[in-house]
Amino acid sequence: MRWINRMPGRAGHATLAALPFVLVFLAYSAGSAARLAENPQDRVLPSPTTLVETAVRLVSEPDRRSGEILFWGDTVSSLTLLGAGVGIAALIGLVFGLAIGLVPMIRSTFQGFVAILSMIPPLAVLPILFITLGVGDTAKVALIAIGITPFLIRDLSARTLELPQEQLVKAQTLGASTLAISVSVALPQIMPRLISAVRLSLGPAWLFLIAAEAVASDSGLGYRIFLVRRFLAMDVILTYVAWITVLAFLIDWGLARLSRWLFPWAEARA
Amino acid sequence: MSFVQVTDIFQSYGGRPILERVSLEAQEGEFVSIVGASGCGKSTFLRLLLDQERPTRGGITVDGMPLKGEPDRSRGIVFQRYSVFPHLSVRDNIVAAEGLSRPLGRLFGSVKRAARARADAALERIGLAHVADQYPSALSGGMQQRLAIAQALAAKPRILLLDEPFGALDPGTREQMHEFLKDLRTETRMTVFMVTHDLPEAFKLGDRVLVFDKVRWDPHDPAAYGATVTYDFDARNGGIPFQLQHETPAVTGPDVAGVHKIQGVT
């Protein structure tokens with residue numbers, strides 16, 4: 001039988017899906033055990049037991065100086081910045097994407113400009129942001145927004161242009177103005193596209209956040225990772241990396257569920 | 001003057017002529033079927049009537065007034081596909097016929113409730129009441145087109161334009177849609193222009209059948225000339241071309257030869 005026709009069963013699928021995770025874990029454990037056998041003080045590959053102990057300590061023990069649990073403070077701080085940056089970008093992307101997609105005059109004005117703008121490497125702009133906006137949270141939110149807005153505008157304007165011309169004509173024969181078409185025909189159909197575009201841009205958004213936090217900050221998940229790097233605290237770094245991965249996965253999954261719940265009609269469309 | 005008056009229209013895209021010297025008069029309440037080979041400008045003609053495009057030369061007047069340059073509520077349209085809004089429930093698609101003309105494209109409060117009640121009544125009439133809360137994607141092709149027609153009619157246009165409305169439907173459903181459209185027309189007596197590929201359908205539903213074809217043909221450059229109205233049949237009188245009636249008023253009975261000529265064309 002050809003490989004393209006061989007289907008894993010339910011159990012087979014679960015096993016295969018778990019396989020890479022198990023293999024990575026085993027490889028790590030083996031590597032860690034080997035290094036620790038040679039030098040019990042080794043810090044590069046802490047044992048899984050140490051990792052769990054560190055994770056428990058990080059999420060439950062307050063900081064000796066401030067009395068706060070840094071782990072949760074970092075999480076709140078990072079998620080706030082991420083939410084603000086992505087939120088601002090989504091709003092700008094939605095408004096400009098719709099306008100560029102629907103109105104030829106606005107398309108002529110902004111399409112080329114946005115295309116050029118999207119080529120600027122956002123991280124190269126970071127020093128400018130720190131100089132002009134200071135090293136506070138504003139610059140970090142701005143970096144995230146600047147980093148993903150051009151992509152959102154381009155993606156959403158393309159999606160708006162893909163709306164069948166028939167629908168726009170139909171809306172006109174029902175007496176709809178440009179505003180009415182934007183708000184009641186295009187906007188609702190673009191919303192699920194906005195959510196999927198935001199899901200795609202979350203990866204870059206995390207990148208910009210962690211880069212900005214690494215350069216200048218006093219809290220946040222990225223800041224902590226780059227801080228403890230000086231002490232070679234691999235157990236802390238790995239816990240934080242795992243936590244960021246879990247957060248990113250949960251946000252992505254949550255947005256997908258939200259989209260399906262809010263826009264059930266979008267799923268069935270051929 | 002006729003209700004719809006088309007005077008000597010030319011339309012070309014990028015120098016390629018599509019339509020040449022198309023002139024036409026239609027009375028209010030007339031059902032005009034338009035047939036012809038693919039690419040002979042039937043749909044272009046419909047877009048001109050809709051005012052989605054402007055002709056390169058010539059003009060169209062409706063009720064003595066020239067078209068304004070963009071589609072409006074006086075002319076409704078049903079396309080072969082994409083005619084209903086996928087993000088609105090079946091009921092809200094009908095409500096949209098009233099709501100979209102508002103500033104924000106939607107109704108609020110008591111006006112909305114009244115429109116919903118009217119929409120439910122309309123759905124009851126066209127046999128879609130049981131799916132009022134579903135989205136169009138859950139409907140069969142025939143039901144979607146019935147919804148599209150009802151939606152267009154809910155805006156009470158003076159002219160209904162149909163662009164191959166039943167082209168994607170199976171023969172049985174198509175039969176049902178013919179009956180549905182006939183009933184609606186008896187009720188509303190509105191002016192209809194329908195483009196179709198199906199000759200029997202054109203003669204069955206139409207009062208008149210127009211044939212679009214190229215009168216000049218360059219075998220080395222098939223796109224060199226545009227199409228025009230080559231035949232204008234009276235579908236209510238056994239399918240006799242109006243041209244023939246004017247020339248020899250004594251002729252009666254079905255003009256079989258004429259119909260065969262058309263079938264050869266399409």
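**Chain A as a whole is built from 11 helices and 0 strands.** Of the contacts in chain A between residues at least 6 apart in sequence, 72% join residues at least 24 apart; two residues are in contact if their C-beta atoms, placed from the backbone, lie within 7 Å. This is a predicted model, in which local features need pLDDT of at least 70 and side-chain atom pairs count only at pLDDT 80 or more, while totals for chains, interfaces and linings use all residues. Residues are numbered from 1 along each chain as its sequence is written, and chains are lettered from A and ligands numbered from 1 in the order in which they are written. From the N terminus on, chain A reads α-α-α-α-α-α-α-α-α-α-α. Helices (H or I, at least four residues) and strands (E, at least two) are DSSP runs, numbered from the N terminus. The C-alpha trace of chain A spans about 80 × 65 × 30 Å along its principal axes. Its radius of gyration is 24 Å, whereas a compact globule of 270 residues would have one near 18 Å; the value is taken over C-alpha atoms, and the globule rule is 2.2 Å times the number of residues to the power 0.38. Of the 270 residues in chain A, 32% are buried. A residue is buried if 20 or more other C-beta atoms lie within 10 Å of its own, exposed if 12 or fewer, and partly exposed in between, with C-beta atoms placed from the backbone.

**Chain A and chain B meet in a contact of 23 residues from chain A and 29 residues from chain B.** On the side of chain B that touches chain A, the elements giving two or more residues are strand S6 (75-78) and helix H2 (90-99) of chain B. S6(B) gives the largest share, 3 residues. By type, this side of chain B has 15 nonpolar, 7 polar and 7 charged residues. Here Ala, Val, Leu, Ile, Met, Phe, Trp, Tyr, Cys and Pro count as nonpolar, Asp, Glu, Lys and Arg as charged, and the others, Gly among them, as polar. For the model, ipTM is 0.83 and pTM is 0.84.

**Four-stranded sheet of chain B: 4 strands form an open sheet in the order S2-S1-S4-S5.** The pairing in this sheet is antiparallel; two strands pair if DSSP finds at least two bridges between them. S2 (16-26) and S5 (65-66) of chain B stand at the edges with a single partner strand each, so one side of each has no neighbour in the sheet. S5(B) pairs with S4(B), residues 57-62, over 2 bridges. Thr61(B) stands opposite Pro66(B) in S5(B). Helix H1 (residues 42-50) of chain B lies across S1 (4-13), S2 and S4 of chain B, at about 60° to S2(B). Axes are lines fitted to C-alpha atoms, for helices over the stretch in contact, and angles run from 0 to 180 degrees between N-to-C directions.

**Seven-stranded sheet of chain B: 7 strands form an open sheet in the order S6-S7-S8-S3-S9-S10-S11.** Its pairing is mixed. S6 and S11 of chain B are the edge strands, and each has a single partner strand, so one side of each is left without a neighbour in the sheet. S3(B), residues 31-36, and S8(B), residues 191-195, run parallel and are joined by 4 bridges. Ile34(B) has Val195(B) in S8(B) as its bridge partner. S9 (residues 208-213) and S10 (residues 228-234) of chain B pair in the antiparallel sense over 6 bridges. S10(B) and S11 (residues 240-241) of chain B are also antiparallel, with 2 bridges. Asp234(B) is the bridge partner of Arg208(B) and stands opposite Ile240(B) in S11(B).

**Helix H2 of chain B is largely enclosed by the rest of the structure.** This is so because 9 of the 10 residues of H2(B) are buried. Among them are Val90(B), Arg91(B), Ile94(B) and Glu98(B). The buried residues of H2(B) pack against H3 and H4 of chain B.

**The loop between H3 (109-125) and H4 (141-154) of chain B holds Ala138(B).** Ala138(B) has 14 C-beta neighbours inside 10 Å, so it counts as partly exposed. From Leu67(B) it is 71 residues away in sequence and 37 Å away in space, C-alpha to C-alpha.

**Residues 249-266 of chain B have pLDDT under 50.** pLDDT is the predictor's confidence in each residue, from 0 to 100. Chain B averages a pLDDT of 83, and 90% of the residues score at least 70. For residues 249-266 of chain B the model has 27 contacts beyond four places in sequence. Where pLDDT is low, the predicted coordinates should not be read in detail.
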